[in-house]
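Here is my note on this one, written as numbered points. Keep the structure open beside you and find each residue as we go.

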Amino acid sequence: MTRIAPSSFQNEGGLLSALLRKAAETTSDIGPQFVHYSQKLNELEFRYSEGRFHLAVLGQFKHGKSTLLNALAGEPILPVGVVPLTAAPTFIRFGESPKIKVQYQGNCEADEVAGHSVKERNAYLAGFVTEAGNPQNRLGVAEVQVELPSPIWPAVSC
Ligand SMILES: Nc1nc2c(ncn2[C@@H]2O[C@H](COP(=O)(O)OP(=O)(O)OP(=O)(O)O)[C@@H](O)[C@H]2O)c(=O)[nH]1
Ligand SMILES: [Mg+2]
């Protein structure tokens with residue numbers, strides 16, 4: 001098993017970049033037939049270092065996607081429930097302070113709300129991304145961005 005020295009975590013891009021670089025190096029060392037995977041890992045690391053790394057959480061309705069992301073976020077920001085909930089693409093990314101930005105179809109402007117508590121932000125979000133708050137997406141939401149000050153999320157790149 002390969003271990004990464006703690007000092008390499010200090011490299012630009014942090015822990016995930018160091019892990020991806022190490023994985024690319026290790027994969028190419030296995031043999032020429034794995035060089036393709038090594039290149040893919042290097043591309044991934046490059047995109048991550050540029051803030052272009054997206055992790056999609058996909059799954060059937062009601063299979064705990066939002067619950068998992070709330071656990072990672074460390075707060076119940078995303079609505080969770082027993083009826084199908086998430087009706088619009090929701091992006092979570094790093095921000096200096098908690099914020100929700102709602103982008104509408106065919107409109108570059110975004111509505112923005114900070115809210116005083118997680119409960120308030122959760123309720124605001126539910127008004128746009130749930131079938132109950134925004135049935136059939138009649139508000140014309142293109143996407144919602146949730147910014148959280150937790151270091152596990154990639155930095156905002158634009
Ligand atoms: N027993 C059990 N229930 C869970 C688990 N994870 C989530 N749930 C419950 O499953 C239900 C659906 O969870 P959600 O996180 O809203 O699922 P989702 O995949 O985001 O749902 P949609 O956005 O509607 O597709 C909720 O009532 C959760 O409390 C789990 O690990 N075990
Ligand atoms: Mg959900």
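1. Let's start with one pair of strands. β1 and β4 (residues 141–148) run parallel to each other, paired over five bridges. By "strand" I mean a DSSP run of E with at least two residues, and a helix is a run of H or I with at least four, both numbered from the N terminus. Two strands count as paired if DSSP finds at least two bridges between them. Look for I92, which sits opposite V146 in β4, and for F94, which faces L148 in β4.

2. A word on what you're looking at. This is a predicted model, where local features need pLDDT of at least 70 and side-chain atom pairs count only at pLDDT 80 or more, while totals for chains, interfaces and linings use all residues. Residues are numbered from 1 along each chain as its sequence is written, and chains are lettered from A and ligands numbered from 1 in the order in which they are written.

3. Now zoom out. The chain has four helices and four strands, arranged along the sequence as α-α-α-β-β-β-α-β. Of the contacts between residues at least 6 apart in sequence, 58% join residues at least 24 apart; a contact here means C-beta atoms, placed from the backbone, within 7 Å.

4. For the antiparallel part, check β2 and β4, which pair over six bridges. One example is K101, whose bridge partner in β4 is Q145. As background, strands of a sheet pair through backbone hydrogen bonds, either parallel or antiparallel.

5. What about the inside? Buried residues make up 14% of the 158 in the chain. Buried means 20 or more other C-beta atoms within 10 Å of a residue's own, exposed means 12 or fewer, and partly exposed is in between; the C-beta atoms are placed from the backbone. The largest nonpolar core has 12 residues, including I77, L78, I92, V146 and L148. A nonpolar core is a set of buried Ala, Val, Leu, Ile, Met, Phe, Trp, Tyr and Cys residues joined through C-beta atoms within 7 Å. β2, α4 and β4 each give two or more residues to this core, and β4 has the largest share, with four. Leaving aside residues up to four places away in sequence, L78 touches S66, L69, N70, T90 and L125.

6. Two residues in the loop between α4 and β4 deserve a look: Q136 and N137. Neither is a glycine, yet phi is positive in both, near 55° for Q136 and about 50° for N137.

7. Last, find L16 in helix α1 (residues 14–30). L16 counts as partly exposed because 16 other C-beta atoms lie within 10 Å. L16 and I152 are 136 residues apart in sequence, but 9.7 Å apart in space, C-alpha to C-alpha.

Technical notes. Two residues are in contact if their C-beta atoms, placed from the backbone, lie within 7 Å.
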